[in-house]
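Please look over the sequence and the fold before reading my notes. Keep the model open beside you as you go.

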Amino acid sequence: MFLHAGDTEVGGFGISAEKRPLYIEDFVTVKQTVTAVTVAFDDTAVADYFDDCIDRGLSPSRFARIWLHTHPGASPEPSSVDEETFARVFGDCDWAVMLIVSRTQAKYARLSFNAGPGGSVLLPVNIDWAAWPELVLNHGAELSAICESWMDEYGKNICPAVCFSNRMPMLDPCFGRQLWADALWREDDLYERHEQKALDEEFADFFETAFMEDR
């Protein structure tokens with residue numbers, strides 16, 4: 001839902017299963033400023049997220065090691081800014097994963113680790129379809145409320161930057177709320193928007209570099 005809700009990237013953290021660090025049980029977003037090629041988390045929101053997870057009894061290895069974000073185009077390959085962010089923010093962790101999902105459902109995942117000489121390895125990404133029957137059986141009656149909570153989370157946390165004549169970005173606080181008022185969730189509209197908005201990877205990299213330099 002977050003992948004197709006708008007024409008920007010969306011970022012968040014993957015929460016791992018207690019004894020399976022690479023099995024993602026939940027995806028959690030924090031307040032962030034986004035464009036079609038960038039995600040910038042609000043520092044206070046990240047700190048609050050960490051505090052909430054610790055209060056729930058979760059260890060950092062479960063809630064602060066998997067950086068997950070979407071690409072609104074066809075390519076899941078990390079951009080130069082993605083690489084810089086991953087190295088800067090997660091470079092000192094004992095291990096961390098950068099996971100990217102594109103609009104075409106293509107995925108990219110890389111595990112980096114600092115044990116021994118350190119290194120990194122590409123990871124395959126699979127969806128645990130076998131778990132869905134039990135999830136639906138146990139939570140089927142709650143699905144409507146769950147989807148509504150996702151919409152609320154998107155409207156609260158995902159803040160697209162609006163560029164003005166001076167080329168400085170400004171947050172649009174009404175975007176998330178307006179999104180759900182517009183009829184964007186008809187199936188035909190989604191596919192049409194996907195075809196029209198698909199980003200060429202080379203152009204996206206060029207635009208992203210220029211945007212960061214201007215900012």
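The numbered points below go from the whole chain to single residues.

1. **Ground rules.** This is a predicted model: local features need pLDDT of at least 70, side-chain atom pairs count only at pLDDT 80 or more, and totals for chains, interfaces and linings use all residues. Residues are numbered from 1 along each chain as its sequence is written, and side-chain values use heavy atoms, with hydrogens and water left out.

2. **Overall make-up.** The protein chain has 8 helices and 10 strands. Both are DSSP runs, numbered from the N terminus: helices are H or I with at least four residues, strands are E with at least two. The protein chain has 215 residues, and 37% of them count as buried. Buried means under 20% relative accessible area, exposed means over 50%, and partly exposed lies in between (1.4 Å probe, protein chains only).

3. **Surface and contacts.** Now take contacts, meaning heavy atoms within 4.5 Å. Among contacts with a separation of 6 or more, 62% join residues 24 or more positions apart.

4. **Thr8.** Find Thr8 in the segment before strand 1 (11–17). Is Thr8 buried or exposed? Thr8 counts as buried because its relative accessibility is 11%. Leaving out residues up to four places away in sequence, Thr8 touches several others, including Val34, Thr70, Tyr154 and Pro160.

5. **Salt bridges.** How many salt bridges are there? The count comes to 4, where a salt bridge is a side-chain nitrogen of Lys or Arg within 4 Å of a carboxyl oxygen of Asp or Glu. One of them joins the side chains of Asp94 and Arg65, at 3.0 Å from N to O. This pair links distant parts of the chain, 29 residues apart. Asp94 sits in the loop between helix 3 (80–90) and strand 6 (95–102), and Arg65 in the loop between helix 2 (60–63) and strand 5 (66–71). Asp94 has a relative accessible area of 45%, so it is partly exposed. Arg65 is at 15%, so it is buried.

6. Arg110 and Glu83 meet through their side chains at 2.7 Å, N to O, in a salt bridge. Arg110 is in strand 7 (residues 107–113) and Glu83 in helix 3, 27 residues apart. Arg110 is buried at 14%, while Glu83 is partly exposed at 29%. Arg88 and Glu84 also form a salt bridge, at 3.0 Å from N to O. Both lie in helix 3, 4 residues apart, which is about one turn of the helix. Arg88 is exposed at 55%; Glu84 is partly exposed at 40%.

7. **Strand 7 and its partners.** Strand 7 is mostly covered, with 5 of its 7 residues buried. Two strands pair if DSSP finds at least two bridges between them. Strand 6 and strand 7 run antiparallel and are joined by 7 bridges. Trp95 has Phe113 in strand 7 as its bridge partner. On strand 8 (residues 119–122), strand 7 pairs over 4 bridges, again in the antiparallel sense. Here Arg110 stands opposite Leu122.

8. **The hairpins.** Which residue takes a positive phi in the hairpin of strand 6 and strand 7? Gln105 does, near 75°, and this hairpin has 4 residues between the strands. The hairpin of strand 7 and strand 8 has 5 residues between the strands, and there Gly116 takes a positive phi near 60°.
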